Amino acid sequence: MFFRAQVRRALQRVPGKQRFGIYRFLPFFFVLGGTMEWIMIKVRVGQETFYDVYRRKASERQYQRRLEDTSETELHKLIK
């Protein structure tokens with residue numbers, strides 16, 4: 001219970017409660033989201049960033065789709 005009271009007290013100290021209500025926390029989350037995006041783009045873990053992995057996986061999925069489409073087309077030609 002003591003921790004809950006501390007959190008409540010800390011949240012009440014954020015200014016703008018009457019004017020903005022719950023939306024007074026929006027700038028904090030906006031900055032947090034921007035920071036996370038920057039980390040995913042710039043920070044390398046090992047040899048890769050998050051977006052390097054994303055692009056590689058997207059490329060692999062596209063390659064697999066092309067292989068499947070090609071094999072289906074060839075199958076249809078053989079059947080006819």
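Visitor: What am I looking at, and how are residues numbered?
Guide: This is a predicted model: local features need pLDDT of at least 70, side-chain atom pairs count only at pLDDT 80 or more, and totals for chains, interfaces and linings use all residues. Residues are numbered from 1 along each chain as its sequence is written, and side-chain values use heavy atoms, with hydrogens and water left out.

Visitor: How many salt bridges turn up in the whole structure?
Guide: Four. The term means a side-chain nitrogen of Lys or Arg within 4 Å of a carboxyl oxygen of Asp or Glu.

Visitor: Which residue does arginine 44 pair with?
Guide: Aspartate 52, at 3.1 Å from N to O. Arginine 44 is exposed, with 52% relative accessible area. The cut-offs are under 20% for buried, over 50% for exposed and partly exposed in between, using a 1.4 Å probe and protein chains only.

Visitor: And what is the N to O distance between arginine 55 and aspartate 52?
Guide: That salt bridge is 2.6 Å. Both residues lie in helix 4, which covers residues 50-79. They sit three residues apart, about one turn of the helix. Helices here are DSSP runs (H or I, at least four residues), strands are E runs of at least two, and numbering starts at the N terminus.

Visitor: Is arginine 55 buried or exposed?
Guide: Exposed, because its relative accessibility is 52%.

Visitor: Where do arginine 56 and glutamate 60 lie?
Guide: Also in helix 4, four residues apart, about one turn. Arginine 56 is partly exposed at 34%. Glutamate 60 is partly exposed too, at 39%.

Visitor: Which residues do shared partners join into one network?
Guide: Arg44, Asp52 and Arg55, through their salt bridges.

Visitor: New topic. Where is threonine 49?
Guide: In the loop between helix 3 (26-42) and helix 4.

Visitor: Buried or exposed, that threonine 49?
Guide: Threonine 49 counts as buried because its relative accessibility is 6%.

Visitor: What does threonine 49 touch?
Guide: Met40, Ile41, Lys42, Val43 and Arg44, leaving out residues up to four places away in sequence. Contact means heavy atoms within 4.5 Å.

Visitor: Which residues does the "transmembrane region" annotation cover?
Guide: Residues 21-41, according to an unreviewed UniProt entry. UniProt positions are given in the numbering used here, feature names are shortened, and annotations may be inferred rather than shown by experiment. In the model, that stretch is 76% helix and 0% strand. Its end C-alpha atoms are 33 Å apart.

Visitor: Now the rings. How many aromatic pairs are there in the whole structure?
Guide: Two. The rings of phenylalanine 28 and phenylalanine 29 have centres 5.1 Å apart and planes at 70 degrees, so that pair is edge-to-face. Rings of Phe, Tyr and Trp (its six-membered ring) pair if their centres lie within 6.5 Å; planes under 30 degrees apart count as stacked, over 60 as edge-to-face and the rest as tilted. Phenylalanine 28 is exposed at 53%.

Visitor: What about phenylalanine 50 and tyrosine 51?
Guide: They form an edge-to-face pair, 5.2 Å centre to centre with 75 degrees between the planes. Phenylalanine 50 is partly exposed at 43%. Tyrosine 51 is partly exposed at 25%.

Visitor: Last one. How many Å separate the C-alpha atoms of alanine 58 and arginine 24?
Guide: 38 Å, with the two residues 34 apart along the chain. Alanine 58 is in helix 4.
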